[in-house]
Amino acid sequence: MDGTLLDSEPLWDVAMADLALRHGIAMSPALRESTLGNALPDALSKVYAAARVAPEDQDRAGDERWLLDHVAEMFVGGLPWRPGAAAALDLVRSTGVPMVLVTNTVRELTDVALETLGATRFVATVCGDEVAVGKPHPDPYLRAAQLVGLHPGQCLAVEDSPAGTAAATAAGCPTLVVPSAAPVPHGSLRSFRQSLVGLTIDDVVDAWTGQHPGHLRAGRDMQG
């Protein structure tokens, strides 16, 4: 969602920088990049480590609540789309291929974002607070595949961040990577595209079949 479909990463940049200041440090580019696409508990851990906040002094519940409220205020102000994302969603939806929104963002903020994204575009959503551990662990994508009754290898993930890509490929999903705020390393099950602008169904099929050379290159063979 953030950075793949919506250009909301700049809002998280502001919120994370403000959280760092709350703990007496400036958010360095390296620290911010390390938190991109992270589940909220992981991002908090990295800020605490950078600020040298001792475990006994960490108020995770309070900081999470502060951060979520801060981001929610900015989300309500409107969320811009990433280039080509809305058209890409409508294109895939027109083929009848089911889409699941898989995000590390918690449910309360995802529901706000869905007012922009359009909840009816997705057959299901998986949020960061609805799985045992979020990205970069595979749990969110394993759950998404389960919800549509498919093996992860039958699904194509679309990701923008290192953490999200790691989660998708660890789950066994071929992944189309469209990097945004941070570079994503090449690796197994990964194909790359600069933007979603101009995406075609052939591009989507190629991103999936390129990781499954034994499969026929036909739309009916691509699921998820």
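Guide: The chain splits into domain 1 (8-77) and domain 2 (85-209), with bounds that come from an automatic or database domain assignment. Bear in mind that this is a predicted model, where local features need pLDDT of at least 70, side-chain atom pairs count only at pLDDT 80 or more, and totals for chains, interfaces and linings use all residues. Residues are numbered from 1 along each chain as its sequence is written, and side-chain values use heavy atoms, with hydrogens and water left out.

Taken over C-alpha atoms, the centres of domain 1 and domain 2 are 24 Å apart.

On the charged side of things, the rule finds 1 salt bridge across the interface of domain 1 and domain 2, where a salt bridge is a side-chain nitrogen of Lys or Arg within 4 Å of a carboxyl oxygen of Asp or Glu.

Now for a pair to zoom in on: E108 forms a salt bridge with R65, with the closest N and O atoms 2.8 Å apart. E108 sits in helix α6 (residues 107-117) and R65 in helix α4, 43 residues apart, so the pair links distant parts of the chain. Helices (H or I, at least four residues) and strands (E, at least two) are DSSP runs, numbered from the N terminus. E108 is partly exposed at 39% relative accessibility, and R65 is partly exposed too, at 36%; buried means under 20% relative accessible area, exposed over 50%, and partly exposed in between (1.4 Å probe, protein chains only).

Elsewhere, R82 and D7 meet in a salt bridge of 3.8 Å, N to O. R82 lies in the loop between α4 (60-76) and α5 (85-94) and D7 in the segment before α1 (9-22), so this pair ties together parts 75 residues apart in sequence. R82 is partly exposed at 22%, and D7 is partly exposed at 29%.

E9 pairs with R32 in a salt bridge, their closest N and O atoms 2.9 Å apart. E9 is in helix α1 and R32 in helix α2 (residues 29-35), so the pair ties together parts 23 residues apart in sequence. Both E9 and R32 are buried, and E9, D13 and R32 are linked in a network of salt bridges.

Most residues other than glycine have a negative phi, and most peptide bonds are trans. The peptide bond from K135 to P136 is cis, with omega near 15°, and P136 lies in the loop between β2 (124-126) and α7 (139-147). R52, not a glycine, has a positive phi of about 55°; R52 is in the loop between α3 (40-51) and α4 and is exposed at 78% relative accessibility.
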